[in-house]
Amino acid sequence: MKTIILAIGNSLRRDDGAAHRVLELLESQSGVFTRSLLQLAPEQSEEIAPARIVVFVDADIEPGPPRIERLPRGDPPPRSPLAHSLRPAEVVALARTLFHFTGQAYVCRVPGADFSEGEGLSGTASRNAIRAAELLRDLLYTPESR
């Protein structure tokens, strides 16, 4: 498996579902596995282990343009013990430790404006999802990344 893209978010919390829209906008490519998730769990560490590239796509409450950040190879920063799900850096750390993941990991952040209950994306999140899909195409589907 060459590339895995994991979209994270709750589409019943409006813009929190922006990552799922990004997946819809990406055309199907050979060697690219996509999956929509409500939240990350330890099981995803085994799922990403054989990949060369893994991208976690997630909504962001911080305003600004969408962006892709490479996750560092070190240990993830500490987090609150009250958190109910894992962060991408924690899933990657588990994959490296338990399953010898050696690939590159990225987070694609898709800023939104409305995280209230309900369905459908705000105009901000819709525009940012389109731009995020373009950024992912540039990262993943260029000749250098194949």
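The model is a predicted one, in which local features need pLDDT of at least 70 and side-chain atom pairs count only at pLDDT 80 or more, while totals for chains, interfaces and linings use all residues. Residues are numbered from 1 along each chain as its sequence is written, and side-chain values use heavy atoms, with hydrogens and water left out.

Begin by selecting residues 104–111, which form strand E5; helices (H or I, at least four residues) and strands (E, at least two) are DSSP runs, numbered from the N terminus. Six of the eight residues of E5 are buried, so the strand is largely enclosed by the rest of the structure, where buried means under 20% relative accessible area with a 1.4 Å probe, protein chains only.

Then select residues 67–70, strand E4, which pairs with E5 in the antiparallel sense over four bridges, and find Arg-70, whose bridge partner in E5 is Tyr-106.

Now turn to the loops. Most residues other than glycine have a negative phi. Arg-14, in the loop between strand E1 (3–8) and helix H1 (18–25), has instead a positive phi near 45°. Finally, select His-100, in the loop between helix H3 (88–99) and E5, where phi is also positive, near 60°; His-100 is exposed, with a relative accessible area of 61%, the cut-off for exposed being over 50%.

Conventions:
Two strands pair if DSSP finds at least two bridges between them.
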